[in-house]
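This report describes selected side-chain pairings, helix packing and local contacts. Please consult the sequence and the structure shown below while reading.

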Amino acid sequence: MSSSSSEQCDVISLPEDQVFEMLTRVSLDDLAACRQVSTRWRRLTYEPAFAPLHCRRADAVSGYLVQTVARNRYHATFVSSMHPSPPPADLVSLDFLPSPHVRVEAVSPHRGLVCCVDADADAATPRKPASSYYVCKPATRQWRALPNPRLRYRTAATAMLARPGGGGGGAADFKIVRFSVPTLRDCLRCEVFDSRGMAWRRSADIVVWPESLVEIAPAVRAHGAMHWLRWPDRLSGGAEDIFAFDVKTETWRLIGLPPEATTEKRWARKKVAAVEGKLCLVVVVDEEVEVWVLAGYRQERWEKKMTASLTRLAMEEGNSFILRDLYASDVAFFNSVYRVLW
């Protein structure tokens, strides 16, 4: 049966409320496949009421792990719009790890996996190098120590991807990609960790300016790849762009930003995000925010989705809030030193 005929059959056979009810009961692994069945199914899974109900039925938690630094100590706090505020202290925590001071390097939202490093590992003596990398699942308080990559090179960016249908007994199946800055070379050093072999291996170097990735920004997954915003550099001719890395094929590309965001708003604050599976660019100028959607991923065709004013937010909350992510197509996530806001 063709995709068009199967979608027509879907529309005729089941009312929308029944399809919605059915989709809220599928597993997390099956949800991605369900979104490929038809545009109708895909739209229903992005309805505002879908995520809270699906998380409740799947016994899952959904939110943000906000990492802050105070007095040279890293702290990770879980916040969610679907749970009581503040959420229970033991809902999502990293206090079960063997190291009392860890830094979050990457998160794989699909299975709730977190890649952490011992923030005090740099103080380990050369004769006794510490095992500093961990992968954990805070919701179940499970963790595993990982072998270290080449720590002599400073980390530029890290991404983590959990694969559906892990090993027997519910074992986590994942990949970690680490980009580091080699000495005296105009490229990024790439290492890949695969849980199936429990080892790091060297991948091909990435020919981009190593200092160009925006520091601290987490990877954004969309269109099957991980994405980071890049600062202008001398290798790209002074243009801002997005670095995309496909973890499966270990290939990369650079995606240009919309001209309006690079010429007219060159010095505006920018951030990449993913909404409904599509890559987005958020541009903040003074008290106004623009949201651009990469409607054509291969063609690099950007479309402006909306422009919204932040004047009322600034008047009521001050200018301490920083836009961190697009939580949904019309909901943004902000945080300040002590508070978060949707």
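## The Glu300–Arg253 salt bridge

Glu300 and Arg253 are joined through their side chains by a salt bridge, with an N to O distance of 3.2 Å; the term denotes a side-chain nitrogen of Lys or Arg within 4 Å of a carboxyl oxygen of Asp or Glu. Glu300 belongs to the loop between β17 (288-296) and β18 (301-309), while Arg253 belongs to strand β14 (residues 251-256), so the pair ties together parts that are 47 residues apart in sequence. Helices (H or I, at least four residues) and strands (E, at least two) are DSSP runs, numbered from the N terminus.

Glu300 is partly exposed at 31% relative accessible area, whereas Arg253, at 19%, counts as buried. Here buried means under 20% relative accessible area, exposed over 50%, and partly exposed in between, with a 1.4 Å probe and protein chains only.

## Basis of the values

The model is predicted: local features need pLDDT of at least 70, side-chain atom pairs count only at pLDDT 80 or more, and totals for chains, interfaces and linings use all residues. Residues are numbered from 1 along each chain as its sequence is written, and side-chain values use heavy atoms, with hydrogens and water left out.

## Other salt bridges

The count of salt bridges comes to 23. One of them joins Arg178 to Glu191, whose closest N and O atoms are 2.9 Å apart. Arg178 is part of strand β8 (residues 174-181) and Glu191 of strand β9 (residues 188-194), so this pair ties together parts 13 residues apart in sequence. Both partners are buried: Arg178 has 1% relative accessibility, and Glu191 has a relative accessible area of 5%.

Glu16 also forms a salt bridge, with Arg43, at 2.7 Å between the closest N and O atoms. This pair links distant parts of the chain, 27 residues apart, with Glu16 in helix α2 (residues 16-23) and Arg43 in helix α4 (residues 39-45).

Within α2, the residues Val19, Phe20 and Leu23 are buried. Viewed down the axis of α2, its buried residues fall within an arc of 100 degrees, so they line one face of the helix; the arc is that of the directions from the helix axis to the C-beta atoms. In general, an α-helix has 3.6 residues a turn, so residues three or four places apart point the same way.

The axes of α2 and helix α5 (residues 50-57) come within 9 Å and cross at roughly 45 degrees. Axes are lines fitted to C-alpha atoms, for helices over the stretch in contact, and angles run from 0 to 180 degrees between N-to-C directions. The two helices, α2 and α5, are therefore oblique to each other; angles under 35 degrees count as roughly parallel, over 145 as roughly antiparallel, 65 to 115 as roughly perpendicular, and the rest as oblique. Phe20, Glu21 and Leu23 of α2 meet Phe50, Leu53, His54 and Arg57 of α5, where contact means heavy atoms within 4.5 Å.

## Cysteines

The structure holds zero disulfides, a disulfide being a pair of cysteine sulfur atoms within 2.5 Å. Cys34 is buried at 13% relative accessible area, and Cys280 is buried at 2%.

## Surroundings of Glu211

Glu211 is placed in the loop between β10 (199-206) and β11 (220-222) and is partly exposed, with a relative accessible area of 40%. Not counting residues up to four places away in sequence, Glu211 touches Arg154, Val181 and Trp231.
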